[in-house]
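Here are a few exercises to work through with the model open beside you. Try each task before reading its solution.

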Amino acid sequence: MANNTFQLDRFSNVIGRTFKQNKKVGLISILVFVGVPLLLFLFNLMGLKPTSIAAREVFFKLIVIYTFILSPFIYFYGVNHPKKGLNEVMLPASVLEKYLNMMLFCMIIVPLSAIVLYGA
């Protein structure tokens, strides 16, 4: 008898679909998370407006906090929409798998990618 609550292959398909669906959002966030620290670094090199380590620390904290707060709205904005949300409802996955996908993206993948990109 098949397990209808959680199957790893269905869960991996839902994760892969989420990655493929949000390519544009991912590219924009990469540009922001890499571009802003790069601008701060260039300002430091040119001597126009030097930024201290404390200012960079505050900026890093704000980035992490905003990614935690805004990632559900950015990545899953259409889930409850009457027309756009039908694709999410009709996925061949259980509710638990869809919920774990959202939690994985909003709590681990997006904030961790922001930290890694800012650190790089």
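**Exercise 1.** Find where Ser94 lies, decide whether Ser94 is buried or exposed, and list what Ser94 touches.

*Solution.* Start with the place: Ser94 sits in the loop between α4 (86-89) and α5, where helices are DSSP runs of H or I with at least four residues, strands are E runs of at least two, and both are numbered from the N terminus. Before going on, note that this is a predicted model, where local features need pLDDT of at least 70 and side-chain atom pairs count only at pLDDT 80 or more, while totals for chains, interfaces and linings use all residues. Residues are numbered from 1 along each chain as its sequence is written, and side-chain values use heavy atoms, with hydrogens and water left out.

Next, the surface: with a relative accessible area of 11%, Ser94 is buried (buried means under 20%, exposed over 50%, partly exposed in between, with a 1.4 Å probe and protein chains only). Last, the partners: not counting residues up to four places away in sequence, Ser94 touches Asn4, Thr5, Phe6 and Arg10 (contact means heavy atoms within 4.5 Å).

**Exercise 2.** Phe6 turned up among those partners; describe its ring pairing with Phe11, then do the other aromatic pair.

*Solution.* The structure holds 2 aromatic pairs. Rings of Phe, Tyr and Trp (its six-membered ring) pair if their centres lie within 6.5 Å; planes under 30 degrees apart are stacked, over 60 edge-to-face, and the rest tilted. For Phe6 and Phe11, the centres are 5.4 Å apart and the planes at 45°, so call this pair tilted. Phe6 is partly exposed at 29%, whereas Phe11 is buried at 12%.

Now the other pair: Phe19 and Phe105 have ring centres 4.9 Å apart and planes at 55°, so they are tilted too. This pair links distant parts of the chain, with Phe19 in helix α1 (residues 8-21) and Phe105 in helix α5, 86 residues apart. Phe19 is partly exposed at 45%, but Phe105 is buried at 2%.

**Exercise 3.** Describe how α2 packs on α5, then how α3 does.

*Solution.* Begin with the axes, which are lines fitted to C-alpha atoms, for helices over the stretch in contact, with angles from 0 to 180 degrees between N-to-C directions. Helix α2 (residues 23-46) and α5 come within 8 Å and cross at roughly 30°. Ile30, Phe33, Val34 and Pro37 in α2 meet Ala114, Leu117 and Tyr118 in α5.

For helix α3 (residues 53-75) and helix α5 (residues 95-119), the axes come within 9 Å and cross at roughly 145°. Among the residues making this contact are Phe59, Ile63 and Thr67 of α3 and Met107, Val110 and Ala114 of α5. To finish, pick Val110: not counting residues up to four places away in sequence, Val110 touches Thr67, Ser71, Tyr75 and Phe105.
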